[in-house]
Amino acid sequence: MTRVRGGAGGTSPPVEKPPPRPRDDSSRSGHLRRIRADLVLLAVAVPGLVYFLVFHYGALFGNVLAFQDFIPFLGVSGSEWVGLAHFERMFGDALFWNAVKNTLVIAALQLVFFFPAPLALALLLNSVVGDTVRRFVQSVVYLPHFLSWVIVVALFQQMLGGAGVLNGWLSDLGMGTVSIIGNPDAYGPLVIAQLIWKECGWATIIFLAALSQVDEQQYEAAALDGAGYWRRLWHVTLPAIRPVIALLLVLRLGEFLSIGFEQFFLQRQSVGPETGEVLETFVYFTGFAGGDFGYAAAVGLFKGVIGVALIYAANKVAHRLGEQGVYQK
Amino acid sequence: MSRTGAAPAWMGRPTVAVRAAKAVALTVVVLLVVFPLWTVLATSLASPQTVIDNGGWVVWPGEFSFSAYTEILQGGIITRAMLVSAGITLVGTALSLACTIGLAYTLSRPKVYGGKPLLLLVLFTFLFPPGMVPLFLVVQSAGLFDQYAALILPFLINVFNLVVMRGFFQSIPPELIDAARIDGAGELAILRRIVLPLSKAVIAVIGLFYAVAYWNRFFEAIIYFNDQTKWPIGTVLRQYVTGGASLAETSGELATSSPQSVQMAVVMLATLPIVCVYPFLQRYFVKGVVTGALKA
């Protein structure tokens with residue numbers, strides 16, 4: 001055994017007290033000894049930790065831009081400090097509020113229409129007894145999750161666009177055409193349909209796992225008591241997976257504003273900013289396209305802070321309901 | 001998820017109507033996924049004339065033609081973009097897996113020095129992801145503009161993947177590791193000879209997640225690359241397909257050649273690697289994701 005962990009010092013408790021090391025190793029040399037004992041483990045963690053320090057914690061400091069009149073040429077140290085001016089401007093900016101409105105509308109649509117869809121699909125798949133059929137359908141519905149938003153948007157244009165499949169069929173039937181792609185009125189349903197197409201199958205994975213854990217004996221007992229199919233679904237299946245549903249719902253509420261970026265970035269142009277602008281695209285178009293980095297950073301920071309507050313609040317609600325939430329208390 | 005094919009006795013036999021409704025529902029779901037992909041494939045393989053005659057898309061290519069593919073692969077832009085994406089995917093996935101495994105393994109061992117604070121440090125980033133502008137600033141000050149590393153390093157570790165990996169490592173019986181330690185194996189030997197062989201499923205799944213993310217990355221090249229010849233396939237696809245299609249949308253007419261075939265061929269090329277790898281890794285999904293995620 002090459003590893004002797006801690007506890008050899010004169011004041012330390014007996015070396016015999018094994019599993020792996022004594023508690024009160026608080027002296028400086030104790031820390032060093034423990035670090036040395038775990039040196040290999042800590043060394044393999046270093047690249048990952050450096051990544052988090054640079055690209056996450058380093059980026060956190062980048063938020064100072066929100067309080068600066070940032071000019072890329074001058075850098076953070078050379079640019080002028082403006083205090084809360086960007087935030088004051090933000091609250092009076094109609095374009096910003098338009099982006100907020102669009103974000104909230106899409107988030108609400110996602111919650112109402114996208115959230116229940118995987119649950120329904122999972123219940124359907126779970127009720128299929130044949131293993132082969134179920135596995136086949138599962139492998140098919142998982143696939144779109146792995147396609148990029150560029151491909152999904154291209155597919156939808158090919159299917160629903162002006163010269164697309166749907167309009168081809170409609171005009172073959174002599175029913176005229178419908179304009180879906182690029183139509184501001186259809187934008188909400190369109191982006192939800194895209195999200196369901198892409199992610200619904202994949203989102204069933206966690207429900208299916210939960211459903212497979214449901215105790216078969218409960219079904220048997222319920223069936224003996226004369227419960228039919230729907231009653232068993234209502235009184236056995238749904239209560240059994242309630243924690244998973246609650247957890248996912250809390251997660252979703254906590255990330256209410258995180259409706260995604262790429263999907264909206266790709267399609268903002270086709271419907272115009274009035275309908276298509278969401279908070280993330282607003283940050284991109286003011287910052288990177290408009291060169292107004294300080295203001296864009298302020299909006300980004302605002303969204304981030306609200307996001308943390310939402311996650312915190314959602315967890316409070318989860319704990320209040322006796323569920324575990326995203327993190328444990 | 002172990003279930004046998006036969007229904008237990010209490011289930012009873014569903015009525016014909018119920019079974020028919022289920023069959024219809026499942027068929028519709030499958031068709032909704034498969035049909036668009038099939039149309040893309042068929043359109044990309046159809047001869048230009050067939051596509052034009054059909055108004056821009058076909059369900060069955062009457063006569064096959066690889067002209068769309070040879071056309072775009074000759075042009076150089078697509079070929080180069082495919083190579084860029086392949087390179088970024090290979091290098092990025094290898095680096096990501098190495099870093100994720102290293103950090104996840106350390107964080108999965110109980111009582112490692114500083115384990116808890118380090119875990120909190122990592123998990124906090126999940127709560128507060130860096131904004132677009134601050135991240136841009138870091139990439140800029142790291143001198144990564146026009147470097148392929150700008151598409152890799154900022155995304156080296158995904159916290160979700162890390163947590164799944166850590167959960168899987170934690171599910172390995174500690175007795176195995178203790179036994180190896182008693183036999184004189186160092187930490188690296190334990191990781192290499194015991195933990196990694198037992199974790200093939202989760203490594204395959206996480207590797208696929210990383211690979212797909214790298215392959216699909218397109219937005220970052222728009223803000224970090226001035227040099228368009230370095231664009232990966234996703235960015236090129238956005239330029240030529242999404243942009244082009246929306247132009248055809250507004251003008252409402254089709255070009256004389258068959259741009260659809262070309263566009264759909266680009267879509268196919270961007271999709272193909274994923275569709276090729278997917279069936280081999282798909283069976284690990286449930287095992288890899290669920291064991292890790294539910295534990296975490």
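**Chain B against chain A**

I looked up the contact first (heavy atoms within 4.5 Å), and found that 90 residues of chain B touch 97 residues of chain A. I note that this is a predicted model, in which local features need pLDDT of at least 70 and side-chain atom pairs count only at pLDDT 80 or more, while totals for chains, interfaces and linings use all residues. Residues are numbered from 1 along each chain as its sequence is written, chains are lettered from A in the order in which they are written, and side-chain values use heavy atoms, with hydrogens and water left out.

For buried area (the accessible area, with a 1.4 Å probe, that two parts lose on being put together, summed over both), I read about 8900 Å² between chain B and chain A, with 77% of it on carbon and sulfur atoms. On the chain B side, helix α1 (residues 16-45) gives the largest share, 14 residues, and by class that side has 67 nonpolar, 15 polar and 8 charged residues.

**Inside chain B**

I then checked the domain assignment, which gives domain 1 (16-64) and domain 2 (75-289) in chain B. Their C-alpha centres lie 31 Å apart, and the contact takes 10 residues from domain 1 of chain B and 10 residues from domain 2 of chain B. These two domains bury about 750 Å² between them, 78% of it on carbon and sulfur atoms.

How values were computed:
Helices (H or I, at least four residues) and strands (E, at least two) are DSSP runs, numbered from the N terminus. Ala, Val, Leu, Ile, Met, Phe, Trp, Tyr, Cys and Pro count as nonpolar, Asp, Glu, Lys and Arg as charged, and the others, Gly among them, as polar. Domain bounds come from an automatic or database domain assignment.
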